[in-house]
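Here's a quick briefing to read alongside the model. Have a look at the structure first, and then we'll go through it topic by topic.

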Number of protein chains: 2
Amino acid sequence: MADVQIRFGERLRAVRQQRGISQEKLAELAGLHRTYVSSIERGERNVSLVNIERLAAALGVAMAELMPDEAKPPAS
Amino acid sequence: MADVQIRFGERLRAVRQQRGISQEKLAELAGLHRTYVSSIERGERNVSLVNIERLAAALGVAMAELMPDEAKPPAS
(Lines give C-alpha, C1' and ligand atoms only; values in the text may rest on other atoms or scores of the structure.)
Protein backbone atom coordinates (compact mmCIF):
# COMPACT_ATOMS: atom_id res chain seq x y z
CA MET A 1 0.00 0.00 0.00
CA ALA A 2 1.35 3.40 -0.96
CA ASP A 3 1.89 5.82 1.88
CA VAL A 4 -0.25 8.39 0.10
CA GLN A 5 -3.16 5.92 0.16
CA ILE A 6 -2.78 5.50 3.92
CA ARG A 7 -2.66 9.26 4.44
CA PHE A 8 -5.66 9.85 2.17
CA GLY A 9 -7.64 7.22 4.06
CA GLU A 10 -6.83 8.85 7.38
CA ARG A 11 -7.74 12.24 6.01
CA LEU A 12 -11.05 11.01 4.60
CA ARG A 13 -11.96 9.35 7.89
CA ALA A 14 -11.08 12.48 9.88
CA VAL A 15 -13.19 14.75 7.68
CA ARG A 16 -16.07 12.26 7.66
CA GLN A 17 -16.04 11.92 11.44
CA GLN A 18 -15.83 15.69 11.89
CA ARG A 19 -19.08 15.87 9.99
CA GLY A 20 -20.68 13.12 12.01
CA ILE A 21 -21.37 10.99 8.95
CA SER A 22 -21.19 7.17 9.01
CA GLN A 23 -19.26 5.23 6.36
CA GLU A 24 -22.58 3.87 5.16
CA LYS A 25 -24.10 7.33 4.80
CA LEU A 26 -21.02 8.65 3.02
CA ALA A 27 -21.13 5.73 0.60
CA GLU A 28 -24.79 6.39 -0.10
CA LEU A 29 -24.23 10.11 -0.65
CA ALA A 30 -21.25 9.49 -2.93
CA GLY A 31 -22.87 6.67 -4.88
CA LEU A 32 -20.16 4.22 -3.84
CA HIS A 33 -20.24 0.85 -2.11
CA ARG A 34 -19.88 0.87 1.66
CA THR A 35 -17.14 -1.75 1.46
CA TYR A 36 -15.26 0.41 -1.04
CA VAL A 37 -15.39 3.44 1.27
CA SER A 38 -14.21 1.23 4.11
CA SER A 39 -11.24 -0.01 2.08
CA ILE A 40 -10.34 3.56 1.09
CA GLU A 41 -10.20 4.55 4.75
CA ARG A 42 -7.94 1.58 5.44
CA GLY A 43 -5.53 2.90 2.81
CA GLU A 44 -6.11 0.01 0.44
CA ARG A 45 -7.23 2.04 -2.58
CA ASN A 46 -5.44 4.23 -5.07
CA VAL A 47 -8.45 6.53 -5.40
CA SER A 48 -8.78 8.48 -8.63
CA LEU A 49 -10.10 11.91 -9.55
CA VAL A 50 -13.68 10.93 -10.29
CA ASN A 51 -14.12 9.28 -6.90
CA ILE A 52 -12.17 11.96 -5.02
CA GLU A 53 -14.65 14.45 -6.47
CA ARG A 54 -17.63 12.29 -5.46
CA LEU A 55 -16.35 11.93 -1.91
CA ALA A 56 -15.61 15.65 -1.60
CA ALA A 57 -19.06 16.57 -2.92
CA ALA A 58 -20.73 14.11 -0.56
CA LEU A 59 -18.84 15.61 2.39
CA GLY A 60 -19.43 19.18 1.25
CA VAL A 61 -15.72 20.04 1.09
CA ALA A 62 -13.33 21.03 -1.67
CA MET A 63 -11.27 18.26 -3.26
CA ALA A 64 -8.19 20.09 -2.01
CA GLU A 65 -9.43 19.57 1.56
CA LEU A 66 -9.08 15.83 1.16
CA MET A 67 -5.51 15.94 -0.09
CA PRO A 68 -3.14 14.43 2.45
CA ASP A 69 -0.29 16.86 2.05
CA GLU A 70 2.32 16.47 4.75
CA ALA A 71 2.09 20.13 5.72
CA LYS A 72 -1.65 19.94 6.31
CA PRO A 73 -2.55 20.12 10.01
CA PRO A 74 -4.21 17.06 11.53
CA ALA A 75 -7.92 17.18 10.81
CA SER A 76 -8.99 15.43 14.00
CA MET B 1 -14.28 12.05 -20.31
CA ALA B 2 -15.30 13.23 -16.89
CA ASP B 3 -15.38 16.97 -16.37
CA VAL B 4 -13.06 16.62 -13.39
CA GLN B 5 -10.46 15.03 -15.64
CA ILE B 6 -10.65 17.98 -18.03
CA ARG B 7 -10.32 20.44 -15.18
CA PHE B 8 -7.41 18.54 -13.64
CA GLY B 9 -5.63 18.49 -16.98
CA GLU B 10 -6.05 22.22 -17.38
CA ARG B 11 -4.85 22.80 -13.86
CA LEU B 12 -1.79 20.59 -14.31
CA ARG B 13 -0.86 22.33 -17.55
CA ALA B 14 -1.28 25.77 -15.99
CA VAL B 15 0.93 24.94 -13.01
CA ARG B 16 3.52 23.25 -15.25
CA GLN B 17 3.68 26.23 -17.61
CA GLN B 18 3.91 28.66 -14.70
CA ARG B 19 7.04 26.82 -13.67
CA GLY B 20 8.44 26.83 -17.20
CA ILE B 21 8.71 23.05 -17.35
CA SER B 22 8.10 21.05 -20.53
CA GLN B 23 5.81 18.01 -20.60
CA GLU B 24 8.88 15.91 -21.26
CA LYS B 25 10.74 17.32 -18.27
CA LEU B 26 7.74 16.88 -16.01
CA ALA B 27 7.37 13.29 -17.14
CA GLU B 28 11.03 12.64 -16.42
CA LEU B 29 10.85 14.26 -12.97
CA ALA B 30 7.69 12.35 -12.07
CA GLY B 31 8.88 9.02 -13.45
CA LEU B 32 5.98 8.85 -15.90
CA HIS B 33 5.78 8.48 -19.67
CA ARG B 34 5.65 11.67 -21.70
CA THR B 35 2.63 10.41 -23.61
CA TYR B 36 0.86 9.70 -20.32
CA VAL B 37 1.47 13.24 -19.06
CA SER B 38 0.22 14.56 -22.39
CA SER B 39 -2.98 12.53 -22.14
CA ILE B 40 -3.53 13.72 -18.56
CA GLU B 41 -3.35 17.33 -19.73
CA ARG B 42 -5.88 16.54 -22.45
CA GLY B 43 -8.30 15.33 -19.77
CA GLU B 44 -8.15 11.73 -20.90
CA ARG B 45 -7.01 10.19 -17.63
CA ASN B 46 -8.69 9.49 -14.34
CA VAL B 47 -5.48 10.12 -12.42
CA SER B 48 -5.12 8.44 -9.05
CA LEU B 49 -3.50 9.38 -5.75
CA VAL B 50 -0.10 7.84 -6.38
CA ASN B 51 0.37 9.73 -9.64
CA ILE B 52 -1.16 12.96 -8.32
CA GLU B 53 1.49 12.80 -5.59
CA ARG B 54 4.26 12.16 -8.12
CA LEU B 55 3.18 15.07 -10.29
CA ALA B 56 2.87 17.42 -7.32
CA ALA B 57 6.31 16.43 -6.04
CA ALA B 58 7.84 16.89 -9.49
CA LEU B 59 6.31 20.37 -9.73
CA GLY B 60 7.21 21.28 -6.16
CA VAL B 61 3.63 22.02 -5.14
CA ALA B 62 1.19 20.53 -2.66
CA MET B 63 -1.23 17.93 -3.97
CA ALA B 64 -4.02 20.30 -2.94
CA GLU B 65 -2.64 22.85 -5.41
CA LEU B 66 -3.43 20.52 -8.29
CA MET B 67 -7.03 19.94 -7.29
CA PRO B 68 -9.40 21.51 -9.81
CA ASP B 69 -11.97 22.82 -7.38
CA GLU B 70 -14.42 25.16 -9.04
CA ALA B 71 -13.72 27.91 -6.54
CA LYS B 72 -10.00 27.90 -7.30
CA PRO B 73 -8.91 30.96 -9.27
CA PRO B 74 -7.60 30.33 -12.79
CA ALA B 75 -3.95 29.43 -12.57
CA SER B 76 -3.02 30.94 -15.91
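Let's start where the two chains meet: the contact draws 16 residues from chain B and 16 residues from chain A. On the chain B side, the elements that put in two or more residues are α1 (3-18), α4 (49-59) and α5 (63-66). That side splits into 11 nonpolar, 3 polar and 2 charged residues. Keep in mind that this is a predicted model.

**How the copies are related**

- In general, a rotation about an axis plus a shift along it relates two copies of a chain.
- Which surface does each copy use? The copies meet through the same surface, since 100% of the interface residues of chain B are also interface residues in chain A.

**The chain A fold**

- For 76 residues, a compact globule would have a radius of gyration near 11 Å, and chain A agrees with its 11 Å.
- The C-alpha trace of chain A spans about 30 × 25 × 20 Å along its principal axes.
- Of chain A's 76 residues, 36% count as buried.
- Take the chain A contacts between residues at least 6 apart in sequence: 66% of them join residues at least 24 apart.

**Helix α1, in both copies**

- In chain A, α1 (residues 3-18) has 16 residues and reaches 23 Å from first C-alpha to last, close to the 22 Å expected at 1.5 Å a residue.
- The helix α1(B) also has 16 residues and a reach of 23 Å, again close to the expected 22 Å.
- The buried residues in α1(A) include A:V4, A:F8, A:L12 and A:V15, and A:R11, A:R13 and A:R16 are buried too.
- For α1(B), the buried set is B:V4, B:Q5, B:F8, B:G9, B:R11, B:L12, B:R13, B:V15 and B:R16.
- What sits over those buried positions? In chain A, the cover includes α2 (23-30), α3 (34-41), α4 (49-59) and α5 (63-66) of chain A, together with α4 of chain B.
- The cover over α1(B) includes α4 of chain A, along with α2 (23-30), α3, α4 and α5 of chain B.
- Just past α1(A), A:G20 takes a positive phi of about 70°; after α1(B), B:G20 has a positive phi near 70°.

**The nonpolar core**

- Nonpolar side chains tend to be buried together in soluble globular proteins.
- The largest nonpolar core in this model has 36 residues, and A:I52, A:L66, B:I52 and B:L66 have the most contacts inside it.
- Setting aside neighbours within four places in sequence, A:L66 is in contact with A:F8, A:R11, A:L12, A:V15, A:I52, A:L55, A:A56 and A:V61.

- B:I40 sits in helix α3 (residues 34-41) of chain B. Is B:I40 buried or exposed? It's buried, with 25 other C-beta atoms within 10 Å.
- Beyond neighbours within four places in sequence, B:I40 is in contact with B:G9, B:L12, B:R45 and B:V47. B:I40 and B:E10 are 30 residues apart in sequence but 9.0 Å apart C-alpha to C-alpha.
- B:V50 belongs to helix α4 of chain B and is partly exposed, with 15 other C-beta atoms within 10 Å.
- Which residues does B:V50 touch, not counting residues up to four places away in sequence? They are A:A2, A:V4 and A:N46.
- Along the chain, B:V50 and B:D69 are 19 residues apart, and their C-alpha atoms are separated by 19 Å.
- A:G60 is in the loop between α4 and α5 of chain A. With 11 other C-beta atoms within 10 Å, A:G60 is exposed.
- A:G60 and A:V15 are 45 residues apart in sequence, and 10.0 Å apart in space from C-alpha to C-alpha.

Note on methods. Residues are numbered from 1 along each chain as its sequence is written. Chains are lettered from A and ligands numbered from 1 in the order in which they are written. This is a predicted model: local features need pLDDT of at least 70, side-chain atom pairs count only at pLDDT 80 or more; totals for chains, interfaces and linings use all residues. Two residues are in contact if their C-beta atoms, placed from the backbone, lie within 7 Å. Helices (H or I, at least four residues) and strands (E, at least two) are DSSP runs, numbered from the N terminus. Ala, Val, Leu, Ile, Met, Phe, Trp, Tyr, Cys and Pro count as nonpolar, Asp, Glu, Lys and Arg as charged, and the others, Gly among them, as polar. A nonpolar core is a set of buried Ala, Val, Leu, Ile, Met, Phe, Trp, Tyr and Cys residues joined through C-beta atoms within 7 Å. A residue is buried if 20 or more other C-beta atoms lie within 10 Å of its own, exposed if 12 or fewer, and partly exposed in between; C-beta atoms are placed from the backbone. The expected span of a helix is 1.5 Å times one less than its number of residues. The radius of gyration is taken over C-alpha atoms; the globule rule is 2.2 Å times the number of residues to the power 0.38.
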